[in-house]
Amino acid sequence: MTANERIIAVVDPSYMERIPSFVQEHAVNETCRVVKREFPSLYSEFSKEEEPSEEAKSQMALVVNDILRERL
């Protein structure tokens, strides 16, 4: 599983439903790039082979959901 797939797994499903399917891949990739640039240590947790900790998952959920909330 890639880092982007792990990050999207913690996104609130209602946000994913609101993104049109034809731009969903682009929106996901750009959101992950923002996370990688602004939160490198948190992104690196999701880049590792092992599963991220529950604390990292909750932090990532807050970050990603806030980014998507702003954009939607």
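Predicted model: local features only at pLDDT ≥ 70, side-chain atom pairs only at ≥ 80, totals over all residues.
Q: Is the crossing of H4 and H5 left-handed or right-handed?
A: The crossing of H4 and H5 is left-handed. Residues are numbered from 1 along each chain as its sequence is written, and side-chain values use heavy atoms, with hydrogens and water left out.

Q: Ok, and at what angle do the axes of H4 and H5 cross?
A: At roughly 120 degrees, and the axes come within 10 Å. That makes H4 oblique to H5. Axes here are lines fitted to C-alpha atoms, for helices over the stretch in contact, and angles run from 0 to 180 degrees between N-to-C directions. Under 35 degrees counts as roughly parallel, over 145 as roughly antiparallel, 65 to 115 as roughly perpendicular, and the rest as oblique. Helices are DSSP runs (H or I, at least four residues), numbered from the N terminus, and strands are E runs of at least two.

Q: Which residues of H4 and H5 make the contact?
A: From H4 you have Leu42, Tyr43, Glu45 and Phe46, and from H5 there are Ala56, Lys57, Gln59, Met60 and Val63. Contact means heavy atoms within 4.5 Å. By class, the residues are six nonpolar, one polar and two charged. Nonpolar covers Ala, Val, Leu, Ile, Met, Phe, Trp, Tyr, Cys and Pro, charged covers Asp, Glu, Lys and Arg, and the others, Gly among them, are polar.

Q: Switching topic: how many salt bridges are in the whole structure?
A: Six. A salt bridge is a side-chain nitrogen of Lys or Arg within 4 Å of a carboxyl oxygen of Asp or Glu.

Q: Which residues are linked in a network of salt bridges?
A: Glu51, Glu54 and Lys57. Lysine 57 pairs with glutamate 51 at 3.2 Å between the closest N and O atoms, and lysine 57 also meets glutamate 54 at 3.7 Å, N to O.

Q: How far apart are lysine 57 and glutamate 54 in helix H5?
A: Three residues, so they're separated by about one helical turn of H5, which covers residues 54–71.

Q: And is glutamate 54 buried or exposed?
A: Glutamate 54 is exposed, with a relative accessible area of 61%, whereas lysine 57 is partly exposed at 22%. The cut-offs are under 20% for buried, over 50% for exposed and partly exposed in between (1.4 Å probe, protein chains only).

Q: What about threonine 31, is that one buried or exposed?
A: Buried, at 1% relative accessibility. Threonine 31 is in helix H3, residues 21–38. Leaving aside neighbours within four places in sequence, threonine 31 touches Val64, Ile67, Leu68 and Arg71.

Q: So at what angle do H3 and H5 pack?
A: At about 125 degrees, with their axes 11 Å apart. H3 and H5 are therefore oblique to each other, and their crossing is right-handed. The H3 side of the contact has Glu30, Thr31, Val34 and Val35, and the H5 side includes Met60 and Val63.

Definitions and conventions
Left-handed = near helix turned anticlockwise from the far one by under 90°.
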